[in-house]
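Subject: Structure handover and findings

Hello,

Here is the structure we talked about. Please open it alongside this message, and read the findings below against it.

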Amino acid sequence: MKLIKINLKEYGLKASTLKEFESLYKNFYLGRVVCQLKSYYKVITEKGIMNAKIPGKIMYNTTYIDDFPTVGDFVVLDRDDDLKGDGVIKAVLKRYSKFSRKISGNKEDEQIIAANIDILFITMSLNDNFNLRRLERYVASALESGAKPVVLLTKADLCDNVSEKSLEVSKVTMGIDTLVISSFNNKGISEVLKRIPKGCTVAFVGSSGVGKSTLINKLLGYEKMKISKIREADGRGRHTTTYRELIKIPELGVVIDTPGMREFHLMDVVYGVENAFSDIETLALNCKFRNCSHSSELGCAVKKAIEEGVISEARYKNYIKLLKEAEFMHKKEKSRKLKSERGKKAFDC
């Protein structure tokens, strides 16, 4: 029986990644991580999906968790099937985009949610999950990720004032495409599909219970992702997806489903915050004093805009909060890279 050869370009492989692999890793095999379960990986190669793992040497010598492979990564393998044992991941190829957050707790480590994505669907429901301040946080990280953000407002069938909420969203998304979705009555599904052509990789991110899995089932045309009913007490869906997974949509591109995030702490995304709040950044240029703190100074354009209702005080306060958070992580990341470079120089000697 003739084996079917999988075209990895249909799984998001780009010319730049293929060139890197062919120039540096002759006599090895190329694959893409489709699922991660702790230290074990499911990887798709030209022969199909196989099991793979990281060598113990790399596992024990790697300092930062973002250096490990993650879902969406293109990796170098010692084999292209697991008929004679699990494959070994030798290297991770250069990422052209990544969406990440700071891990929960006191550590400043980065958790990469998805790598090598073209479009990032920021998903927020129009019922009790609706939260503009949380959306601003996602937008800031998305604008730093290297992927194109698109906002999906889900569960439109459970909202009585869709137009009003859509207008509120438009005031904080700074021109980012926004689609109103209802998986219940298929509203907006075709518009989402148009944004996932062959060779394109998209990722769905958002809080728990916003309907990501239900939407992905609609895109696939069958029920692959387990879904849970909405709790009547608070209108929220229960947490369903427990791990990240890359899935091929028939005749189209691939999607990465991610678990709902109850907390989303920023990494060093100062550029993303500044762009997510470009309206405030632009207003600040018109302040009388260059070092204006926007609190009590005369001639403050930002304070005037708040008083006149051009921007809300809540949006401004969130801008300050996220900027401080991102700047703090920027300093930590800069220090981390410096220590890493020193370690490399010491090792090279």
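First, a definition: buried means under 20% relative accessible area, exposed over 50%, and partly exposed in between, with a 1.4 Å probe and protein chains only. The model is predicted: local features need pLDDT of at least 70, side-chain atom pairs count only at pLDDT 80 or more, and totals for chains, interfaces and linings use all residues. Residues are numbered from 1 along each chain as its sequence is written, and side-chain values use heavy atoms, with hydrogens and water left out.

Overall picture

The chain has ten helices and 13 strands. These are DSSP runs numbered from the N terminus: helices are H or I with at least four residues, strands are E with at least two. Of the 349 residues, 48% are buried. Contact here means heavy atoms within 4.5 Å. Among contacts with a separation of 6 or more, 67% are between residues 24 or more positions apart.

Helix α3

Start with α3, residues 132-145. Its 14 residues reach 20 Å from first C-alpha to last. That is close to the 20 Å expected at 1.5 Å a residue, where the expected span is 1.5 Å times one less than the number of residues.

Ten of the 14 residues are buried, so α3 is largely enclosed by the rest of the structure. The buried ones are L132, L135, E136, R137, Y138, V139, A140, S141, A142 and S145.

Look at both ends. At the start, a side-chain oxygen of N131 comes within 3.0 Å of the backbone nitrogen of R133. Just after the helix, G146 has a positive phi of about 95 degrees.

Cores

A nonpolar core is a set of buried Ala, Val, Leu, Ile, Met, Phe, Trp, Tyr and Cys residues joined through side-chain atoms within 4.5 Å. The largest has 74 residues, and F99, L120 and V273 touch the most other members. Helix α3 gives the most to this core, with six residues.

L120 touches F99, A142, A147, K148, P149, V150, A203 and V205, leaving out residues up to four places away in sequence. Another core lies apart from the largest one. It has 19 residues, including I119, L152, I189 and F204.

Salt bridges

The search of the whole structure found 17 salt bridges. The criterion is a side-chain nitrogen of Lys or Arg within 4 Å of a carboxyl oxygen of Asp or Glu.

Which residue pairs with E136? R315 does, with the closest N and O atoms 2.8 Å apart. R315 lies in helix α10 (residues 313-348) and E136 in helix α3, so the pair ties together parts 179 residues apart in sequence. Both ends count as buried: R315 at 2% relative accessibility, E136 at 1%.

D118 and K14 meet at 3.1 Å, N to O. D118 sits in the loop between β7 (110-115) and β8 (119-125) and K14 in the segment before α1, so this bridge ties together parts 104 residues apart in sequence. K14 is partly exposed, at 29% relative accessible area.

E46 and K5 also form a salt bridge, at 3.7 Å, N to O. E46 is in the loop between β2 (40-45) and β3 (48-53), and K5 is in the segment before α1 (15-24), 41 residues apart. E46 is partly exposed at 38%, whereas K5 is exposed at 62%.

There is also a salt-bridge network: K148, D177, E191, K194 and R195.

R32, a buried arginine

R32 is in strand β1 (residues 29-37). It is buried yet has no salt bridge. The nearest side chain of opposite charge is D118, 6.7 Å away. For charge, Lys and Arg count as positive and Asp and Glu as negative; His and the chain ends are not counted.

What does the side chain of R32 contact instead? It makes a polar contact with the side chain of T201, at 2.9 Å. A polar atom of the R32 side chain also lies 2.6 Å from the backbone oxygen of Y11. A polar contact is a pair of N or O atoms within 3.5 Å; within protein, one must be able to donate a hydrogen and the other to accept it, and residues adjacent in sequence count only if both atoms are side-chain atoms.

R262

Last, R262, in the loop between β13 (254-257) and α7 (270-276). R262 counts as exposed, at 66% relative accessibility. Its C-alpha is 8.7 Å from that of G206, 56 residues away along the chain.

Best wishes
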